[in-house]
Amino acid sequence: MTDYFADVKHYDAGADEAVVNKIVRHLGIALRNRDSSLVAASDPDELARVKEKWCGKKLGVTGPAVDKAVDTVCTIMAKDNSKSRVTFYYLVAKELGKLEEL
């Protein structure tokens, strides 16, 4: 879990390790496979799944705010060729103001 936390801290120096650990537990088995542990930000279907399952179902947020948050995180992580799903989800939750609710 330390690797996930270190990656999140690269983007948010004040990251909360407990929140990162909650995201890691939520993702569970998906993190065991390299392909599913990364977010393909250039794939519209992948981003639609993030919006539906993470933002809609887990965070309870839908609509334009979700589109804006995901777009913002894609921009923030643009230089990172391997976008960690944990980091991506953390940053989306942060953009939506939902970190405290995780």
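**Confidence of the model**

The structure is a prediction, and the chain has a mean pLDDT of 95, with 98% of its residues reaching 70 or more. Within the chain, confidence is lowest in H1, where the mean is 91, and highest in H5, where it is 98. Where pLDDT is low, the predicted coordinates should not be read in detail.

| Helix pair | Angle between axes | Axis separation |
|---|---|---|
| H2 and H5 | about 120 degrees | 10 Å |
| H3 and H5 | about 60 degrees | 12 Å |
| H4 and H5 | about 130 degrees | 9 Å |

The pair of H2 and H5 packs at an angle of about 120 degrees. That angle makes H2 oblique to H5, and the crossing of the two helices is right-handed. On the H2 side the contact is made by Val19, Val20, Ile23, Val24 and Leu27, and on the H5 side by Arg85, Val86, Tyr89 and Tyr90. By class, the contact of H2 with H5 comprises eight nonpolar residues, no polar residues and one charged residue.

Helix H3, which spans residues 44-58, packs on H5, residues 85-95, with an angle of about 60 degrees between them. H3 and H5 are therefore oblique to each other, and their crossing is right-handed. Glu46, Leu47, Val50, Trp54 and Cys55 of H3 make this contact together with Arg85, Phe88, Tyr89, Val92 and Ala93 of H5. The residues of the contact of H3 with H5 divide into eight nonpolar, no polar and two charged.

Helix H4, residues 64-76, packs against H5 with the two axes 9 Å apart. At about 130 degrees, H4 and H5 are therefore oblique to each other. H4 passes H5 in a right-handed crossing. From H4, the residues Ala69, Val70, Thr72, Val73, Cys74 and Ile76 meet Phe88, Leu91, Val92 and Glu95 in H5. The contact of H4 with H5 contains eight nonpolar residues, one polar residue and one charged residue.

**Residues outside the helices**

Asp12 lies in the loop between helix H1 (2-11) and helix H2 (17-27). Its relative accessibility is 10%, and Asp12 therefore counts as buried, the cut-off for that class being under 20%. Not counting residues up to four places away in sequence, Asp12 touches Tyr90 and Lys94. Asp12 and Ala69 are 57 residues apart along the chain, and their C-alpha atoms are separated by 15 Å.

The loop between H2 and H3 contains Ala41. With a relative accessible area of 21%, Ala41 is partly exposed. When residues up to four places away in sequence are not counted, Ala41 touches Leu47, Cys74 and Lys83. Ala41 and Lys98 are 57 residues apart in sequence and 21 Å apart in space, C-alpha to C-alpha.

Arg32 is also found in the loop between H2 and H3. Arg32 has a relative accessible area of 72% and is exposed.

Glu100 lies in the segment after H5. This residue is exposed, at a relative accessible area of 70%. Glu100 and Val19 are 81 residues apart in sequence, while their C-alpha atoms are 7.9 Å apart in space.

Notes:
Residues are numbered from 1 along each chain as its sequence is written. This is a predicted model: local features need pLDDT of at least 70, side-chain atom pairs count only at pLDDT 80 or more; totals for chains, interfaces and linings use all residues. Side-chain values use heavy atoms; hydrogens and water are left out. Axes are lines fitted to C-alpha atoms, for helices over the stretch in contact, and angles run from 0 to 180 degrees between N-to-C directions. Helices (H or I, at least four residues) and strands (E, at least two) are DSSP runs, numbered from the N terminus. Angles under 35 degrees count as roughly parallel, over 145 as roughly antiparallel, 65 to 115 as roughly perpendicular and the rest as oblique. A crossing is left-handed if the near helix is turned anticlockwise from the far one by less than a right angle, and right-handed if clockwise. Contact means heavy atoms within 4.5 Å. Ala, Val, Leu, Ile, Met, Phe, Trp, Tyr, Cys and Pro count as nonpolar, Asp, Glu, Lys and Arg as charged, and the others, Gly among them, as polar. Buried means under 20% relative accessible area, exposed over 50%, partly exposed in between (1.4 Å probe, protein chains only). pLDDT is the predictor's confidence in each residue, from 0 to 100.
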